[in-house]
Amino acid sequence: MAVTSGKGGVGKTFVSANLAAALAARGERVLVLDADLGLANLDVVLNLHPKLTLHDVFTERCTLEQAILPAPGGFHVLLAGSGMVEYSRLTPDVRDKLLHILETVKPRFDWVVLDTGAGISDVVLFAVSMANDVLVVATPEPTSLTDAYATIKVLATQQNRRHVGLVINQANRPGEGKLICGQLQQVLQRFVGPTPGQTFKLELLSEVKNDQMVRQAVLKRQLLLEHYPGSDAAQAIRALATKLLEQRAAQP
Ligand SMILES: Nc1ncnc2c1ncn2[C@@H]1O[C@H](COP(=O)(O)OP(=O)(O)OP(=O)(O)O)[C@@H](O)[C@H]1O
């Protein structure tokens, strides 16, 4: 599953890490792969100081096994480290290496979460293209929504995706997510249907409140789910995990 966004700083890493913890708490084997190769910061959020990262796997300084690390929250991570400038562009080499890594880790985990960079660069779109499911994170601000719209449009038209999950993060009032999702779906419909057999569904998977506890957790470099489990945002993330598990169980 890819967790992506149009605009940066909207909460992808927060959602990826805490969703992984929520799934792990339900007994799932989860790997979060930091797919923001140029400016990764999953390690910062989780307060990890990895000696080995994707960079070392790419340059064959270590094996893939060695770079998969346990994280707080009961899941595993494959960190990118920051400033992998030479890997922040999608060369055939980066492409092959990422594909190989994903194929190798897939059988070992129930969920591989790709925490991508923001926007529609070729690296981001490639990372998303490797995922079965995509979850777009957006905040209710107009700039974030405009960029989310552009991203979803690209996923629908270029990747031919018929279903995209939406998380409205930092919501200011209840029902805001539903309203936004409906409006986005309406505008998107113009580009991606309706033609026979070609429906497109943007599904609101979660509305996460603007919650001071999230900022507290990030400042302390702790997982929200572990340190503020009763917060509104933690409850929303657990509900998101439940929904994803139910959807998976319903798949043929
Ligand atoms: N629900 C929320 N309530 C309040 N603040 C939040 C919430 N979600 C995220 N934030 C704040 O937004 C900041 C950015 O979040 P995060 O780093 O997860 O975004 P990102 O999309 O991964 O960023 P980037 O695009 O730079 O990778 C966090 O440090 C946190 O302070």
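Analyst: Let us begin with two helices: the axes of H7 and H8 come within 11 Å and cross at roughly 45°, where helices (H or I, at least four residues) and strands (E, at least two) are DSSP runs numbered from the N terminus. Axes here are lines fitted to C-alpha atoms, for helices over the stretch in contact, and angles run from 0 to 180 degrees between N-to-C directions. This is a predicted model, in which local features need pLDDT of at least 70 and side-chain atom pairs count only at pLDDT 80 or more, while totals for chains, interfaces and linings use all residues. Residues are numbered from 1 along each chain as its sequence is written.

User: Why are H7 and H8 called oblique to each other?

Analyst: Angles under 35 degrees count as roughly parallel, over 145 as roughly antiparallel, 65 to 115 as roughly perpendicular, and the rest as oblique. The crossing angle of H7 and H8 is roughly 45°, and H7 and H8 are therefore oblique to each other. Their crossing is right-handed, a word used when the near helix is turned clockwise from the far one by less than a right angle, with anticlockwise giving left-handed.

User: Which residues of H7 and H8 meet?

Analyst: Residues are in contact if their C-beta atoms, placed from the backbone, lie within 7 Å. On this basis Leu145, Tyr149, Ile152, Lys153 and Ala156 in H7 meet Ile180, Leu184, Val187 and Leu188 in H8. By class, this contact has eight nonpolar, no polar and one charged residues, where Ala, Val, Leu, Ile, Met, Phe, Trp, Tyr, Cys and Pro count as nonpolar, Asp, Glu, Lys and Arg as charged, and the others, Gly among them, as polar.

User: What makes H1 oblique to H11?

Analyst: H1 and helix H11 (residues 232-250) pack at an angle of about 60°, with their axes 9 Å apart. That angle makes H1 oblique to H11. The contact is made by Asn18, Leu19, Ala22 and Leu23 of H1 and by Ile237, Arg238, Leu240 and Ala241 of H11, and these residues divide into six nonpolar, one polar and one charged.

User: What is the order of the strands in the open sheet, and which strands are its edges?

Analyst: The open sheet of eight strands has the order E3-E4-E2-E5-E1-E6-E7-E8, with mixed pairing. Its edge strands are E3 (68-70) and E8 (201-209), since each pairs on one side only, and two strands pair if DSSP finds at least two bridges between them. E3 and strand E4 (residues 76-78) pair in the antiparallel sense over three bridges.

User: How many residues surround the ligand?

Analyst: The ligand is surrounded by 19 residues, the closest being Gly8, Gly11, Lys12, Thr13 and Phe14; a residue is near a molecule if its C-beta atom, placed from the backbone, lies within 6 Å of it.

How values were computed
Two residues are in contact if their C-beta atoms, placed from the backbone, lie within 7 Å.
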